[in-house]
Amino acid sequence: MELPDVLKIQDNSRPYDRVLYTHRTPPVSFSQSQVRFEIPKAGIMSSTAMVEFSFTPDLSVATSATGGGTFPLSIGSSACIRRAVLSTLSGRVIMDNRDFNKKQVCEKSFRDGNYNHFVAPYLDMSWFSYRYADPILEPDFVGTLRNSGVPKTPLGVDAVDGSSWSVPDIVKLAGVGSPSKQQSTRISLRELFPFLYNLQLPVIFMEQLYLDIYWETDTQNQVFCPCADIAGDYAGGGVFNSVDCFLLTDNIVYTDPSVMDAIVMKQETSGGLTFPFTDYAVQVISNTDTSTRTIDEMERELGASNYKLTDIKNIELYNLGGDTSKHALFGKYYSDGTNSRHLQLVLNDSNFYPDNKATQMENFTRISEVYSHTSPFIPRPIYALSSSTAISGVSTALFNGFAMIVQAGKMNPLGIQLKDDVGRPFQNGNAPIRLYYEKDKTTSEQEDLTQPSLQYYFVGFMREFAVMKTGKVVVSERA
């Protein structure tokens, strides 16, 4: 069933007179583990809605002299949100976005195109950008990549030779100056619930909607990073501030009665409005085999029998937990690419690829196909690396007190597109998805394959929900 044009993100064929109301809604409940918002029931909610909040780090770990540290450079304040749930008054769950912060390792890399065009600089307080060294000002680092930043040490000492860089003051959590000022950050609902990229919700015709956000409270998944001059390379303590937590929504009301009448008529004649969308399930695999080997391989089942599949994304953390799997600049939000890893899927008893091997650049192309309308913003040395030496293209200069070389090969998400050429999802049969995983060690500089790993697989599939004539929401697990 085709939705009315006013519920889609597109140019309308005819202009309408409309009024835009902006609501700044405080939470109905707030704690250090969860916050709940009651979504305003007014007009059509624009997909520009955002959640605003602030986080105060433990200044005994990240002192105010350094600005209180920063969020992980790779995903910014998205690290704070472990799970987001959109539900109804009657208890129906429209979308339950689990392991949101881990999935953003894939999503944030594509923020240079239409998919994430709404992400303004510093909006989420990440600083994931790079540039080539200046041949005049930084002659010792010509031909290398480094983080964009300010030429200073973490404590503010000028370093114009290019040997030391730091994050801009604007993305430091505790602010700068005397006294320091608390920084707020925003995350779009389109990131929390991707179906809002294409749809706007007629909340005035729907039963009451609720947004639940679960903060990342696991001390093993720290959400901020102090500089190297501070004892402890990565810390997690801090407080979410209730006074700075709001839901910002733009609600559209059309003054032309024919517009709203058309939506009501569609509900009446069709029994309701149906919204198809892409959801995902997450599977986490602990690769604990530590026997001596030159090839690391395993087979697992990922489920999803009888689902219409859209894509599969994958990230990998080295080691299984604790401090050993943290990264100096990315924390727990990266994907290891220092070994060549290959994914083969068995769907409906057939291999997806002719063979079980793929080069890193082939994998790079595959993740691009998942986001077919934009290119990944991942510099090649940061995506994958077969050698940990400086000549690989990553500067040995310091960023925030850490050697930039440690970023080499650490932003390596993989993706497999399962839609056909016209965008139709793949219909899986009764058999679950079977995964064949293989990782090679090809050079002596690569990490030992006996090291365990923690792998996240995000399986995309089609779902739908319908808004009935009474306003009740009915959710289907399969489209």
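Q: Is D58 buried, partly exposed or exposed?
A: In this predicted model, D58 has a relative accessibility of 30%. Buried means under 20% and exposed means over 50%, so the class that remains for D58 is partly exposed.

Q: Where is the place of D58, and with which residues is D58 in contact, leaving aside its neighbours within four places in sequence?
A: The place of D58 is in the loop between β5 (50-57) and β6. In space, the C-alpha atoms of D58 and G69 are 9.5 Å apart, and the two residues are eleven residues apart in sequence. With the neighbours within four places in sequence left aside, the residues in contact with D58 are F224, G237 and G238.

Q: Is K439 buried or exposed, and which residue does its side chain join in a polar contact?
A: K439 lies in strand β24, which covers residues 433-440. Its relative accessible area is 5%, and the cut-off for buried is under 20%, so K439 is buried. The side chain of K439 makes a polar contact of 2.8 Å, and the partner is the side chain of E316.

Q: How many helices and strands are there in the protein chain, and what percentage of its residues count as buried?
A: The protein chain holds five helices and 26 strands. Among contacts in the chain with a separation of 6 or more, 77% are between residues 24 or more positions apart. Of the 479 residues, the share that count as buried is 56%.

Q: Why can strand β12 be called largely enclosed by the rest of the structure?
A: Strand β12 covers residues 209-215. L209, L211, I213 and W215 point one way from β12, while Y210, D212 and Y214 point the other way, and all are buried.

Q: Which strands form the open sheet of five strands, and which are its edge strands?
A: The order of this open sheet is β2-β3-β12-β6-β7, and the pairing is antiparallel. Each edge strand pairs on one side only, and the edge strands are β2 (29-30) and β7 (93-98).

Q: How many bridges join β3 to β12, and how many join β6 to β12?
A: Strand β3 (residues 34-38) runs antiparallel to β12, with Q34 having Y214 as its bridge partner and E38 having Y210. Strand β6 (residues 81-88) also runs antiparallel to β12, and here T88 stands opposite L209. The number of bridges is five between β3 and β12, and seven between β6 and β12.

Q: How far apart are the end C-alpha atoms of helix α3, and what span should its residues have?
A: Helix α3 covers residues 257-270, which makes 14 residues. At 1.5 Å a residue, the helix should span 20 Å, and this agrees with the distance between its end C-alpha atoms, which is 20 Å. Just after α3, G271 takes a positive phi, with a value of about 80°.

Q: Why do the buried residues of α3 line one face of the helix, and which strands are included in what covers them?
A: The buried residues of α3 are V259, M260, I263 and Q267. Seen down the helix axis, these buried residues fall within an arc of 100°, so they line one face, whereas the face turned away from the buried side carries the exposed residues P257, M265 and T269. What covers the buried residues includes β4 (44-45), β14 (246-254), β15 (272-287) and β25 (453-468).

Q: What is the order of the three strands β10, β20 and β21 in their open sheet, and which residue stands opposite F399?
A: The three strands take the order β10-β20-β21, with mixed pairing, and the edge strands, each pairing on one side only, are β10 (164-165) and β21 (402-403). Two bridges join β20 (residues 398-399) to β21, and these strands run antiparallel. The residue of β21 that stands opposite F399 is F402.

Definitions and conventions: Residues numbered from 1 in each chain as written. Predicted model: local features only at pLDDT ≥ 70, side-chain atom pairs only at ≥ 80, totals over all residues. Heavy atoms only, no water. Buried < 20%, exposed > 50% of the residue type's maximum accessible area, 1.4 Å probe, protein only. Polar contact = N/O pair within 3.5 Å; in protein donor to acceptor, adjacent residues only side chain to side chain. Pairing = 2+ DSSP bridges. Expected span 1.5 Å × (residues − 1). Arc of directions from axis to C-beta. Contact = heavy atoms within 4.5 Å.
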